[in-house]
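Please have the sequence and the model at hand while reading.

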Amino acid sequence: MTEPDAKKAAPKRRRADAERNVSALLAAAKKVFDTSGVDAPAKQITDLAGLGVGTLYRHFPLRSDLVKAVVQSNIDACAAAGPRLAAEHEPADALAAWLRAYTELLGTKRGLASALHSGDPAYEALPGYFLDTLTPTLTALLDAGVAAGTVRDDIAAPDLIHAIANLCLAVPGADPDGPYGFAHSRRMVDLLIDGLRTG
């Protein structure tokens, strides 16, 4: 390889390394946030990712940067599940499976909700990102169910997104792992899903 060719290849390798590092950090942060909350020590995240703390702060200088990236990654994964489920299942079943995945997105992330409602300006754009990313996916699933005659035609995607978000709100004073914790939210969402089906 000539010297100019080597210079061209080096930035590409660095970009690929950086992308791998970011992916590893996000995957580790998701796991740590789920088990220890969003205030978990940075070293717990970097140890799981197999990277140094300096690498974490190079990509995510503030904790809010990392939390925002994790939330966006979770939203993106939920949206991406829609077409896959539609290809694997009948429309009503694909819709039900996606709504359950959406419920898990809302209900199982320890501390993310409180972080997002903390007033930190870093999170201001997330509600819009949430709706802009998930609404088209849910609309496509609903439309397919309506076209197949297996899903009722009188509910819009934004209504359903907000309804399930409300069902996933914690019952005041309830043990998150008790009968009125997240298991209760799942049961209520299943009732809602049953109500969406026709016939």
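The points below are grouped by topic. The model is predicted. Its largest nonpolar core has 49 residues, its salt bridges number seven, and its disulfide count is zero.

**Nonpolar core**

- Within the largest nonpolar core, which has 49 residues, those with the most contacts are Leu66, Trp98, Leu99, Tyr102, Leu134 and Leu138.
- Two or more residues of this core come from each of H1, helix H2 (42-49), H4, H5, helix H7 (126-148), helix H8 (157-167) and H9.
- The most is given by H4, with 10 residues.
- Leaving aside residues up to four places away in sequence, Leu134 touches Ile75, Cys78, Ala79, Trp98, Tyr102, Leu105 and Ile161.
- Two of these partners, Trp98 and Tyr102, are also listed among the core residues with the most contacts.
- As a general matter, nonpolar side chains in soluble globular proteins tend to be buried together.

**Salt bridges within a helix**

- Arg20 and Asp17 form a salt bridge, with 2.2 Å between the closest N and O atoms.
- Arg20 and Asp17 are three residues apart in helix H1 (residues 3-36), so about one helical turn separates them.
- Arg20 is exposed, at 53% relative accessibility, whereas Asp17 is partly exposed, at 36%.
- A second salt bridge joins the side chains of Arg84 and Glu88, at 3.6 Å from N to O.
- Arg84 and Glu88 both belong to helix H4 (residues 63-88), where they are four residues apart, about one turn of the helix.
- Arg84 is partly exposed, with a relative accessible area of 44%.

**A salt bridge between helices**

- Arg100 pairs with Asp190 in a salt bridge whose closest N and O atoms are 2.8 Å apart.
- This pair links distant parts of the chain, 90 residues apart: Arg100 lies in helix H5 (residues 91-107) and Asp190 in helix H9 (residues 182-196).
- Both residues are partly exposed, Arg100 at 39% relative accessibility and Asp190 at 29%.
- In general, side chains of opposite charge can pair when their charged atoms come close.

**Cysteines**

- The number of disulfides in the model is zero.
- Cys78 is buried, because its relative accessible area of 6% falls under the 20% limit.
- Cys168 is likewise buried, at 13% relative accessibility.
- Cys78 is one of the residues that Leu134 touches.

Conventions:
Residues are numbered from 1 along each chain as its sequence is written. This is a predicted model: local features need pLDDT of at least 70, side-chain atom pairs count only at pLDDT 80 or more; totals for chains, interfaces and linings use all residues. Side-chain values use heavy atoms; hydrogens and water are left out. A disulfide is a pair of cysteine sulfur atoms within 2.5 Å. Buried means under 20% relative accessible area, exposed over 50%, partly exposed in between (1.4 Å probe, protein chains only). A salt bridge is a side-chain nitrogen of Lys or Arg within 4 Å of a carboxyl oxygen of Asp or Glu. A nonpolar core is a set of buried Ala, Val, Leu, Ile, Met, Phe, Trp, Tyr and Cys residues joined through side-chain atoms within 4.5 Å. Contact means heavy atoms within 4.5 Å.
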